[in-house]
Amino acid sequence: EDPIVLNNLAWLLRTDDPERATQYAEKAVELTSQADPKTLDTLGMILTETGQAERGAALLKMATEKNPADPTLQYHHAVALEKIGQTEEARDAAGRALSKPDAFPERAEAEALLQRLKQK
């Protein structure tokens, strides 16, 4: 019943057992009353990766609204937006992620995404 533990388990299981990962992530979001951007991010990315990108994008938007300074959240939102065909919005979100002075683990992926989106 610990949302941090559930969230971490969900993130670790997202590729090997996406169904169970989704269950853990849903529970983590429920336990935090949708107030924690990290749990929203995890669930949003799992949904995006498992064919539910519209719902994923909505959750990721909520996460970015709760913590707009986090470039990882902006990048994840851009990924989901691209999946649902919102190229211009995805380009904007990727640009916001890359405009942050902070280094973040997905920076190279965000740069590649932005380049790909600029070609569309």
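Predicted model: local features only at pLDDT ≥ 70, side-chain atom pairs only at ≥ 80, totals over all residues.
How much space lies in the largest pocket? About 240 Å³ of space lies there, where a pocket is an open set of points on a 1 Å grid over the protein atoms alone, with protein on both sides within 12 Å along at least five of seven lines, and a volume is the space filled by probe spheres set on the points, which are joined across faces, edges and corners.

Residues are numbered from 1 along each chain as its sequence is written, and side-chain values use heavy atoms, with hydrogens and water left out.

Let me stay with the pocket for a moment. Its lining consists of 15 residues, and Asn7, Lys38, Thr39, Asp41 and Thr42 are the ones nearest the centre; a lining residue has an atom within 4 Å of a point. Two or more residues each come from α1, α3 (37-49) and α5, helices here being DSSP runs of H or I, at least four residues long, numbered from the N terminus. The largest share, 5 residues, comes from α1.

I turn now to the salt bridges. The count comes to 8, with a salt bridge taken as a side-chain nitrogen of Lys or Arg within 4 Å of a carboxyl oxygen of Asp or Glu. One of them joins Glu26 and Arg55 at 2.8 Å, N to O, and because Glu26 lies in helix α2 and Arg55 in helix α4 (residues 53-66), the pair ties together parts that are 29 residues apart in sequence.

Another joins Glu82 to Lys120, with the closest N and O atoms 3.2 Å apart; Glu82 belongs to helix α5 (residues 71-83) and Lys120 to the segment after α7 (107-118), so parts 38 residues apart in sequence are tied together. Are these two partners buried or exposed? Glu82 is buried, at 17% relative accessible area, whereas Lys120 is exposed, at 55%, given that buried means under 20%, exposed over 50%, and partly exposed in between, with a 1.4 Å probe and protein chains only.

Finally, Glu1, Lys27 and Glu30 are linked in a network of salt bridges.

Technical notes. 1 Å grid on protein atoms, 1.4 Å probe; cavity = no way out; pocket = protein on both sides within 12 Å on 5 of 7 lines; lining within 4 Å.
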